[in-house]
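Here are a few exercises to work through with the model open in your viewer. Try each task before you read its solution.

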Amino acid sequence: MLRLSIPARQALARLTLPLLIAGAFALLLLGKADALLAERARASLGDTLAPLYDLIANPVARARAAIAEAGHLVSLVGENAALRAENEHLRQWQAVALALEAENATLRANLHWIPDPAAAYVTARVVADAGGVYAHSVLLAVGPRHGITKGQVALDDRGLVGRITETGSRSARVMLITDLNSRIPVTLEHSRARAILAGTNGTLPRLLFWPEDTPPEEDELVVTSAEANAFPAGLPVGHVHYVGAAPMVVPAARLTRLDMVRVFDYHLAGVPPPEAGERRAPKPAPAAPYEP
Amino acid sequence: MAINFPPPRRDPRSDPWHQLDAMARAAFPVAATVLGLLALAVPLGLPEQAALAPAFLFASVYFWSLFRPAAMTPALVFALGLFADLLGGGPLGLDVLLLLLLCALTRRWRRKLARWSFLLVWLVFSGFAAAGAALSFALTALFSLTLLPPAPALVEAGLAIGFYPLLAVLFTRAHRSLAADAEI
């Protein structure tokens, strides 16, 4: 240990705090100037923590399920009635869907339609809410050689969740569509108008830049657009809902209780590829096709 | 006649077990904070869970800087902030800056604060928490160059202030047991 005189040691002790605060400012600047460094550091921390979180993921999921079950028991009768009504409704829709599917198949056969290539996907467990007060992202635990790269698209069973922003060897981070920095090109289903879906840090992202003559309608379906080549067209995003005069989108995905997400590789080049020097994992084998 | 002298008593400070024990005691505040942060990142589905972690972090750094500053040195606060920044998705260095400012102010007013009643200590913490939430709100807005809705900052400050008494009770127990056993 370094031997210092008492005044020197006192002076050093007094200097520590200002020096550390200057260090914090330096970190803020560094994080702004070299985003890749912060990203690497986050990815390596994610890699360390993901296996740990994966270990406790099962008990946590079970505890959550038990709590939910207890809640269900209370509202059993009412829920049953609602489900029966919904079932009835869905049965009608099923008939419609089957008829449309058959019609679609004949039309495609007549038109010599070239189907889109099936996208490969991997399913991963959400192990941590890696966001904060001003960031919305989740951490995925993935095995080694997962083949997930930056820019790939994450969906849950209902709709678009977000995009991969960081990958490590055992973990990946998904920026949710509600994040402040998220911008997604979308199409409004009725008018086919294009718009941008911007995260607001709240639960509802907001629509921006729609054409002036076609304002979004309340309850209109919003899907991704293939513009900018960052997403495939037609992935369900949510429904338009006006809050005051602002058109917001109620996400179709259950962003507050994500359990599993599927990460799709659509081989799109709209998002810049990972920087040179970043390790690229081999492409996974093609998987079953996915119809949104 | 043989006289049995008792073996000479060893200096307890040189005992490896004792040293290990002392180290564990010194590491407790930071270790508990790290574990708490890790636990709060698990998707438990709690309402406003995103704001709980910074609230816990703030309360923890304040309490230990006030009552056990040797175990919550500025360097450790820096490390804690960096860990929280890397764990979360915010701008790198923001938590480091906020926690260091909190630590600096708490250390400066420590001698007065430690003698005050719990209510006053809580009141001072409320001021710090509100100022911290406001600063973090302002800096995040500045960095992203957008005007943010103020609700998350209010929730963060409210949770920090509201949960402080509960955390203080838990921390005080830990603090007392750490101090009591340290004399042996």
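**Exercise 1. Find the strand partners of β9(A).**

Step one: β9(A) pairs with strand β10 (residues 236-243) of chain A, antiparallel, over three bridges. A pair here needs at least two DSSP bridges between the strands, and strands are DSSP runs of E with at least two residues, helices runs of H or I with at least four, both numbered from the N terminus. In this pairing A:L221 sits opposite A:H239 in β10(A).

Step two: look at strand β6 (residues 183-188) of chain A, which pairs with strand β9 (residues 221-224) of chain A, again antiparallel and over three bridges. There, A:T187 faces A:V223 in β9(A).

Before going on, a word on conventions. This is a predicted model, so local features need pLDDT of at least 70 and side-chain atom pairs count only at pLDDT 80 or more, while totals for chains, interfaces and linings use all residues. Residues are numbered from 1 along each chain as its sequence is written, and chains are lettered from A and ligands numbered from 1 in the order in which they are written.

**Exercise 2. Trace the barrel in chain A.**

Step one: follow the order β1-β2-β5-β4-β3-β12 (chain A); these six strands close into a barrel with antiparallel pairing. Neighbouring strands are turned by 40 degrees against each other on average, direction ignored (axes are lines fitted to C-alpha atoms, for helices over the stretch in contact, and angles run from 0 to 180 degrees between N-to-C directions).

Step two: zoom in on one pairing. Strand β2 (residues 137-141) and strand β5 (residues 171-176) of chain A share five bridges, with A:V138 opposite A:V174 in β5(A).

**Exercise 3. Which residues of α3(B) are buried, and what covers them?**

Step one: check the helix length. The 14 residues of helix α3 (residues 74-87) of chain B should span 20 Å at 1.5 Å a residue, and the end C-alpha atoms are 20 Å apart, which agrees. The expected span is 1.5 Å times one less than the number of residues.

Step two: ten of those 14 residues are buried, so α3(B) is largely enclosed by the rest of the structure. Buried means 20 or more other C-beta atoms within 10 Å of a residue's own, exposed means 12 or fewer, and partly exposed is in between, with C-beta atoms placed from the backbone. Among the buried ones are B:F78, B:L80 and B:D85.

Step three: the cover includes α1 and α2 of chain A, plus α1 (16-41), α2 (49-67) and α4 (94-108) of chain B.

Key: Two residues are in contact if their C-beta atoms, placed from the backbone, lie within 7 Å.
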